[in-house]
Amino acid sequence: MHIDDDTLALLALGEDVLDDGARAHLAGCPTCAAAAADLARVTALARSGPAPDELVAPDPRVWRRVHAELGLAEVPVDLAGAGPDAAAGAAGAAGAAGAAGAAGAAGAPPADVVPLPRSRRARTWLGAAAACLALVAGVAGGVWWERREAEPPETVVATTDLEALPGWTGARGVARLEEAPDGRRQVVVTLDAPAPAGTFREVWLLTPDVSGLVSLGVLEGSEGRFDVPAGLNLATYPVVDVSEEPMDGNPAHSGDSVVRGTLGA
Ligand SMILES: [Zn+2]
């Protein structure tokens, strides 16, 4: 009795798997010796350095087998005309798929066709198609999301640096005026300035001579977004001002401005 394949494979990998009887058989049996030599060559090849990392085009027979496995009746045109081997493969593919070759032209399939494998393959094919669709949908969704993030609907109409007023040396900020497609306007303020305890910041729009002012709201933290009242003429109130306000219940401007800048200046 010959040595079984598993044992020969282990032997080729360098395992000490042979007992005395098997060793004696191997020494006297050309069949087992040849099998052992083949496996040894395969092992040596596999260990003879890194695998090539370039991609190699598959043999056309691979595609025919993929076609057969997926239950596709037709063979791709470029494979169908590839020679006698291709013709044989095409027939084999169609047979394996449970349909006559070129089923659409040749009419009804043979009577001994068992439909179950075909439907299973069809389901496999549908599953693969569904996976492809899901992938495409996912990529498209990702692209849409990226664009949505990259192109906000608001347009930046004007920006200005906010410069420190006396007593607030080192404070600075930026204000920008944004306009949505529907005409809604917002002022976005960022401020880098120390914040004393027990006070808060308020954002205002002022006339250039500071004779008129409109409160936009309280600035929490270092950035805030404020609606500009509809109908307010920003040519009249172009100055963005951030004030330091005590918690005194007085809604008027404290007179203690931290930073100021003029939109469109
Ligand atoms: Zn043998």
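This is a predicted model: local features need pLDDT of at least 70, side-chain atom pairs count only at pLDDT 80 or more; totals for chains, interfaces and linings use all residues.

User: OK, how many salt bridges does the structure hold?

Analyst: The structure holds nine salt bridges, a salt bridge being a side-chain nitrogen of Lys or Arg within 4 Å of a carboxyl oxygen of Asp or Glu.

User: Which residue does Asp 38 meet in a salt bridge?

Analyst: The side chain of Asp 38 meets that of Arg 41, at 2.3 Å from N to O. Arg 41 and Asp 38 are three residues apart in helix H3 (residues 30-46), which means that about one helical turn separates them. Helices (H or I, at least four residues) and strands (E, at least two) are DSSP runs, numbered from the N terminus.

User: And are those two buried or exposed?

Analyst: Arg 41 counts as exposed, with 54% relative accessibility, whereas Asp 38 is partly exposed at a relative accessible area of 40%. The classes are buried for under 20% relative accessible area, exposed for over 50% and partly exposed in between, with a 1.4 Å probe and protein chains only.

User: What about Arg 225, which residue does it form a salt bridge with?

Analyst: Arg 225 forms a salt bridge with Glu 178, and the closest N and O atoms are 2.8 Å apart. This pair links distant parts of the chain, since Arg 225 belongs to strand E6 (residues 223-227) and Glu 178 to strand E2 (residues 172-179), 47 residues apart. Arg 225 is partly exposed, with a relative accessible area of 42%, but Glu 178 is buried, with a relative accessible area of 6%.

User: Where do Glu 244 and Arg 201 lie?

Analyst: Glu 244 and Arg 201 form a salt bridge whose closest N and O atoms are 2.6 Å apart. Glu 244 lies in strand E7 (residues 239-246) and Arg 201 in strand E4 (residues 199-206), so the pair ties together parts that are 43 residues apart in sequence. Both Glu 244 and Arg 201 are buried.

User: Which residues are linked in a network of salt bridges?

Analyst: Asp 16, Asp 20 and Arg 23 are linked in such a network.

User: Switching to packing: at what angle do H1 and H3 pack?

Analyst: Helix H1 (residues 5-12) and H3 pack at about 45 degrees, and their axes are 9 Å apart; axes are lines fitted to C-alpha atoms, for helices over the stretch in contact, and angles run from 0 to 180 degrees between N-to-C directions. H1 and H3 are therefore oblique to each other, given that angles under 35 degrees count as roughly parallel, over 145 as roughly antiparallel, 65 to 115 as roughly perpendicular and the rest as oblique.

User: Which residues make the contact of H1 with H3?

Analyst: On the H1 side they are Leu 8, Ala 9, Leu 11 and Ala 12, and on the H3 side Cys 32, Ala 35, Ala 36, Leu 39, Ala 40 and Thr 43, where contact means heavy atoms within 4.5 Å. Thr 43 counts as buried, at 12% relative accessibility, and touches Ala 12 and Leu 13 when residues up to four places away in sequence are not counted.

User: And what is the angle between H2 and H3?

Analyst: Helix H2 (residues 20-28) packs with H3 at about 95 degrees, their axes being 6 Å apart, and that makes H2 roughly perpendicular to H3. The contact is made by His 25, Leu 26 and Gly 28 of H2 together with Pro 30, Cys 32, Ala 33 and Ala 36 of H3.

User: Now the loops. Where is Thr 236?

Analyst: Thr 236 is in the loop between E6 and E7, and it counts as partly exposed at 35% relative accessibility. Apart from its neighbours within four places in sequence, Thr 236 is in contact with Leu 206, Thr 207 and Pro 208.

User: Last one, what is the phi of Val 210?

Analyst: Val 210 has a positive phi of about 60 degrees although it is not a glycine. Val 210 lies in the loop between E4 and strand E5 (213-219) and counts as partly exposed, at 44% relative accessibility.

Terms used: Residues are numbered from 1 along each chain as its sequence is written. Side-chain values use heavy atoms; hydrogens and water are left out.
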